[in-house]
Structure formats: structure tokens, C-alpha cells
Amino acid sequence: MQFDTIIRDGTVVTASDTYASDIGITGGRIAAIASDLPADNAGTLLDAKGFLVIPGGIDVHTHLDMPFGGTTSSDDFETGTRAAAFGGTTTLIDFAIQYKGQSLRQALDTWMKKAEGKAVADYAFHCIITDVAGAQLEEMRALVREGISTFKLFMAYPGVFMLDDATIFRAMLQAAKHGGMICMHAENGGAIDVIVRRALAEGKTAPKYHALTRPTTAEAEATARAIALAEMAGAPVYIVHLSCNDALEKVREARDRGLPVYAETCPQYLYLSIENFDAPGFEGAKYVFTPPLREKWHQEKLWNGLARDTLQVVSTDHCPFCFKEQKELGKDDFTKIPNGGPGVEHRLSLIYSGGVHGGKFSANRFVELVSTAPAKLFGLYPRKGTIAVGSDADLVVFDPNAEQVISAKTHHMRVDYSMFEGIHVRGLPKVVFSRGRVIVQDGKFTGRAGAGEFIRRQTFTGPAM
Ligand code: URP
Ligand code: ZN
Ligand code: ZN
């Protein structure tokens, strides 16, 4: 058998197994997994001895080229997917936003155009629904059929994205009927709005008040309400960017009852805390995203949630805004700081370093959290998210012992600061393949804008994990 590439002698790590093997790649797919594949039969031979070979990372929560908070997120589909690739992430699921008065189709068309010709790696979309005055709920069926099988709804941001319970419930019924899943931004936006107005009236305008006006109880209440609505609708629900133990407990209770409730957290909630707002001057604005940073003790609870499968996924909620001119929009009023932080590049290293080297879970669980579970929950499996014959050759040769200090000076995201500046990580991608093509090798980008393809996702069938 002839192969385009053989990855020789790596330690293959999937969500379930660890073993030494060669991997043969042909036509962008994995064609063979076996020992001693004949080197003469390979166009390219890559020696992976001493390294792990893992499935490419899947980040199910990014916001590229997204108008928000009076500006637009600073990475587009080229710079964002490129930075993701440097970090070993080979598939992104971004959000197509339906604005008031638009159809879901218009939202999708807009975001397809943003990505086409730009993405260096594969991508898919969720659809954010903000207005159901027309036929948008009926449109959900057509979108699911076209591979947009998940919909994000907001219980926060009143006047912008927030939906009432009746609308959420109706959308959940539609999702259940057509094989879709609702991704929920769970915070009680009404209560938060009152707390925010009171703070502003008291002259509390600094960045830290973003965190101090969004209590964990507001997140826990909305998480419990989302779960209750989903239970009544007979629908699966996925809680996005879960940040605190209070909300984690609601997810744990629901899962203990056997409900199809899933949740993600993000590296910022595992590594950063409300103490980051002690940064000098206006620097706290770098940490303004939603839900906000919490007290430090929540971090350990979230790591435990990942180890025990209360949380199934680590995504990034990558939504970068430069400190200069973008975050600065809120210099005199924290509510005007565009909400979001950059993170797409360092997810694998942060989770491998803190999770595996930190003794919290195995390398297999790491693969499950950053690739396999995202693929299963979001209809990409087994094309992506695993190492199996027939799967896309989205692969990362990962050096488990390479070290790096994260810095904006060396990162590839188009943003002028790093949330993780100065954090030391152990475990770095060495070579990254997207459908059989090397797109990053030893710190050099070798991919091409436009090589990434839109991936139609399958309907929700449960994680079958
Ligand atoms: O602050 C955040 N998370 N910005 C992106 C939008 C969202 O709610 O995910
Ligand atoms: Zn959100
Ligand atoms: Zn988000």
C-alpha cells in the first residue's frame, strides 16, 4: 500500500487507548495504523519517536470576526484558525449570529462568507438565535439538515441577545424534534442588569465591577432554569463557558438524574481568578469576559469536574479584543468594555500541562476533553476527534515535555496582550496535520488560507461515550 505520509514510531493516544504505532496517511485520511509500515511506500516519512500522536484539537466555542460591544473581535478566520493550528487545534466551531429581523439563513450566509477563502483549517457553525418574531424557529429544521445542528441561546445581555423563557422553551422543543441541541449562555441577565445599574449609579466604573456585578448565584440560577426547561422539552442542553462551582453543582445533580445535560469550561476559569483585576490601572479590562472570573477556589472544583466527567469539554470562548482602542472603549465605564478574551492558541498546552502533568487526569482524558467529546457531542465523530482508519488525518505530533512561557510577544493571535502572560506550560504541539497536510511544523506555519473546509455536522445522537 502506498502512503502520502507515514508518521513513524509515535505513541498514539486516543480517548481510550495508548499504544506505539505507525500511522499511514493517504488522500487526507488515516489509511493504516500498524507497526513497521514500509518506509519505501511513503511520500514523506515523519519520525515521531518520543512524541505523542493525538487527534487534532476541536474548539467548539470561538468568535472570529464578530461584531460585539461596539467593535469587532480582532481575529478573523485566517488569523484565528492559524493561531489555533499553532496550538494543535484543527477544527473550530464558530457562531453565526442572527440579528433582529434576520432569518437564520441570512446569519449563516454572512458567516460562511467571513470564513470562505480564509480559514486555514476546518470549521463549522452553531447559530445564535436572537429574534423569533418570524419563521426562525421553523427554520431550525432546515439548518440542522445542512449541518448546523446546534443553536446558542442567551439568558443574559438584555436588549442584545437575551431571550425569555417561553422562547427558549419553544426553541428547545424544536431542537428536540429535529435532532438539534441548544447551547446555553446561562446567567440571569435581568438580575445582573439591576445590579450593574446600581453599581454605575454609585460611581463604580472600574473593570473589576464587571466581575463584582455578575454573582455566581446568577449563573447557577440560570443553569438550573436551563436544565429544567430542557427537561420539560425533552431536549439535550449544553451549558457553555461554565465558570463556577455553584453552576457545576446544578450540572452534576442533573447528570446524576440521567438527564442529557452537558457542559464545558474554558482555560481562563481554570487558571485565572478575580485577583487578576488587581492589575494596575485599566489593565483589568484584559480579563473582562462573561461569565466573569471567580474566586480562586472555584478552579479546583472545575478541574475536578473535568476529571469526573461533570464537565465534558474544554473550549476557549476565544473572543479577542485588543487592549488598545478596543478594551479602552470602556475606560470610564466597565459596561462599555467589549466582553471577551483571546485563548484559541493555548488550550491544548494549558490543559495538558495543568491536567496531565498536574496529576489531575490521564493523557487519554486530555484527548477526550479537547477533541473526542467535542466531536461526539457536536456531530463530527468519527470523521474527527479520534485516530482510526477512515478518519480525517487531523493529527498532532505532541511533545509532552517541551516547555514554553506564554506571552503576547510570541503568540500568533492578532491581539496585543495575552490573558495567560507569563504562565509556564509543559506539553506543546510539534507538527500539526490538517486532513493530511502539515500546516505547522516546529513553530513554522506551512498551511494556506482557504484550505480549511466547512464541515456539515450530523444531528445530535448523544455522546455514546
Ligand atoms: O465575554 C464573552 N464570553 N464574549 C463572547 C460572547 C459570549 O457570551 O460567549
Ligand atoms: Zn456566552
Ligand atoms: Zn462565547
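Residues are numbered from 1 along each chain as its sequence is written, chains are lettered from A and ligands numbered from 1 in the order in which they are written, and side-chain values use heavy atoms, with hydrogens and water left out. Because the model is predicted, local features need pLDDT of at least 70 and side-chain atom pairs count only at pLDDT 80 or more, while totals for chains, interfaces and linings use all residues.

Let us begin at the zinc ion that is ligand 2. Its protein donors are Lys152 through NZ, His185 through ND1 and His241 through NE2, at 2.1 to 2.2 Å. Donors here are N, O and S atoms within 2.8 Å of the metal (3.2 Å for Na, K and Ca), and water is not among the atoms, so sites may look incomplete. Along the sequence, the spacing of these donor residues reads K-x32-H-x55-H. The zinc ion that is ligand 3 lies 3.9 Å from ligand 2. The pair Lys152 and His185 links distant parts of the chain: Lys152 belongs to strand 11 (residues 150-154) and His185 to strand 12 (residues 181-185), 33 residues apart. Strands are DSSP runs of E with at least two residues, helices are runs of H or I with at least four, and both are numbered from the N terminus.

Buried means under 20% relative accessible area, exposed means over 50%, and partly exposed lies in between, using a 1.4 Å probe and protein chains only. The side chain of His185 also makes a polar contact of 3.0 Å with that of His241. Such a contact is a pair of N or O atoms within 3.5 Å; within protein, one must be able to donate a hydrogen and the other to accept it, and residues adjacent in sequence count only if both atoms are side-chain atoms.

Now turn to ligand 1. It is surrounded by 14 residues, and the closest are Lys152, His185, Thr290, Asp317 and Asn339; a residue counts as near if one of its heavy atoms lies within 4 Å. A backbone N or O atom of Thr290 comes to 2.8 Å from an oxygen atom of the ligand. The protein covers 100% of the 270 Å² of accessible area that ligand 1 has on its own, with areas from the Shrake-Rupley method and a 1.4 Å probe.

Thr290 leads us to the backbone. A cis peptide bond, with omega about -5°, joins Thr290 to Pro291, and Pro291 lies in the loop between helix 9 (267-271) and helix 10 (297-307). Another cis bond joins Tyr381 and Pro382, with omega about 5°; Pro382 is in the loop between helix 12 (363-377) and strand 16 (395-405). Most residues other than glycine have a negative phi, and most peptide bonds are trans.

Two aspartates have positive phi values. Asp309 has phi near 70°, sits in the loop between helix 10 and strand 15 (313-314), and is partly exposed at 26% relative accessibility. Asp317, with phi near 55°, is in the loop between strand 15 and helix 11 (347-357).
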